[in-house]
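Let's take a walk through this model together, one neighbourhood at a time. Keep the viewer open and follow along as we go.

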Amino acid sequence: SRLYADDSSLYCSASSMNDIEGILNMDLQQLSFWAKQWLVDFNPNKTEAVLFSLKKDVILPDLIFDNVKINFVNCHKHLGVTLNQNGQWSTHIENISSSASKVLNIMRKLKFTLSRAALNQIYISYVRPLFEYAAILWDGCTKNESDSLEKLQHEAARIVTGLTRSVSLCNLYKECGWEKLSDRRERQKLCFLYKATHNLTPSYINDLIPPFVNELTDYPLRNRNNLSIIQTKTSIFKKSCIPSSVNLWNALDLNIRESESLNSFKRSINANLGNKIPRYFYVGNRYTSVLHARIRNNCSNLNEDLFLNFLKDDPFCDCSDNIEDARHFFFECTKFREQRVDLFSQIRDFHPLYLNKLLFGDSNLSDDQNTSIFLAVQDYIGKTKRFE
């Protein structure tokens with residue numbers, strides 16, 4: 001049994017349905033006696049039971065609590081996690097997707113009202129926690145369910161950055177600086193295993209972790225520093241938290257597994273992320289900064305971008321037979337000579353100018369200097385009225 005602040009639960013596992021019925025009914029009688037002794041009120045009419053089984057057409061046990069027959073349900077929300085009787089996570093994924101979509105709808109309405117920094121913080125604070133609550137438990141969900149969550153993150157990234165649906169996922173992740181949710185769940189599993197193998201978790205968790213190979217044999221095996229592989233008979237068990245976490249742990253470099261502290265372990269597994277977004281990507285008027293980002297990621301309304309994304313029949317500029325790409329827009333188009341002179345005048349201290357500097361900044365310059373370039377570029381974009 002487990003007691004919580006405003007809830008309690010009973011559970012048992014047995015090979016016989018008669019054993020389950022007998023054990024739980026005895027526990028329910030003792031719970032009823034204890035409640036009366038300590039003046040605690042339980043509501044048997046609100047009490048639910050779930051039978052977890054892969055078998056079909058199972059006869060449900062008769063469970064009685066305070067002379068009330070307990071109702072069996074197909075799924076139950078327990079501490080924020082929706083558990084399904086068949087061990088699948090579809091209902092839980094649907095629930096968190098619904099909750100996340102409500103926040104994304106609000107973000108979408110405010111896409112050009114709030115700054116990019118504010119929208120980014122809303123996602124980090126209110127949406128991503130929905131995707132990651134107890135994630136190591138339900139990471140064994142199907143690929144389609146996992147992909148459905150990734151698609152919601154893609155939508156959030158497009159709202160935050162202002163990029164369109166034609167942007168590649170590679171560019172989208174580079175622009176927002178986020179990681180795939182599945183990758184983040186894998187690192188959470190690794191952190192869980194680090195804590196479990198270093199006695200940083202409660203004993204009831206430690207008892208579930210298999211022993212190291214060198215604890216089972218005296219032979220100097222090559223994998224002696226690995227955790228023992230858990231034998232699994234079903235795919236549900238194989239993809240569940242501990243067996244899948246053990247496989248990830250054993251694939252990790254031994255030096256990382258032997259990190260001196262949890263913080264150093266986290267630094268090691270995060271070492272290769274390296275996708276920090278420059279501060280100057282967040283500057284400027286929201287609308288023109290979005291246009292700037294779209295040009296940077298080849299999903300703007302420039303004719304070449306439209307052509308490459310199958311949204312226009314040809315890539316040529318109205319001013320000539322030249323292709324209207326980003327270079328043509330910033331350096332060559334005859335329609336924007338006056339605006340170009342003004343742009344080059346504003347950033348004359350940062351010559352020579354080239355396309356990547358205007359779009360991505362220059363790592364040899366300071367954040368303040370790159371901010372000056374970005375503000376001037378966005379001013380140019382607005383003055384040309386090319387995207388109105």
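F387 is buried in this predicted model, with a relative accessible area of 9%. That value counts as buried because the cut-off is under 20%. You will find F387 in the segment after α18 (367–384). Leaving out residues up to four places away in sequence, F387 touches Y287, L291, I295, S300, N301, L302, F329 and I381.

Now turn to helix α13, where R296 has its place. Is R296 buried or exposed? With a relative accessible area of 5%, R296 is buried. Setting aside neighbours within four places in sequence, R296 is in contact with R116, E175, F281, L359, F360 and F374.

E175 leads us on to helix α6 (residues 169–176), where it is buried together with L172, Y173 and C176. These four residues cover an arc of only 160° around the axis, which puts them on the same side of α6. What do the buried residues of α6 pack against? Their partners are α3 (116–132), α5 (143–161) and α13 (286–296). Just after α6, G177 takes a positive phi of about 75°.

Let's look at one of those partners more carefully. The axes of α5 and α6 come within 10 Å and cross at roughly 60°, and the two helices are therefore oblique to each other. Their crossing is left-handed. On the α5 side, E150, Q153, H154, A157, R158 and T161 take part, and they meet L169, L172, Y173, E175 and C176 in α6.

Helix α7 (residues 181–197) and helix α12 (residues 262–269) have axes that come within 11 Å and cross at roughly 150°. That angle makes α7 roughly antiparallel to α12, and the crossing is right-handed. Here R187, L190, C191, Y194 and K195 in α7 meet L262, F265, K266 and I269 in α12.

Finally, a few backbone details deserve a stop. Most residues other than glycine have a negative phi, and most peptide bonds are trans. Where does this model depart from that? D66, which is not a glycine, has a positive phi near 50°. D66 lies in the loop between β4 (64–65) and β5 (68–69) and is partly exposed, with a relative accessible area of 34%. L79 has a positive phi as well, of about 55°. Its place is the loop between β7 (75–78) and β8 (81–84), and L79 is partly exposed, at a relative accessible area of 44%. As for the peptide bonds, the one from H351 to P352 is cis, with omega near 5°. P352 sits in the loop between α16 (337–346) and α17 (355–360).

Notes: Residues numbered from 1 in each chain as written. Predicted model: local features only at pLDDT ≥ 70, side-chain atom pairs only at ≥ 80, totals over all residues. Heavy atoms only, no water. Buried < 20%, exposed > 50% of the residue type's maximum accessible area, 1.4 Å probe, protein only. Arc of directions from axis to C-beta. Contact = heavy atoms within 4.5 Å. Axes fitted to C-alpha atoms, helices over the stretch in contact; angles between N-to-C directions. Parallel < 35°, antiparallel > 145°, perpendicular 65-115°, else oblique. Left-handed = near helix turned anticlockwise from the far one by under 90°.
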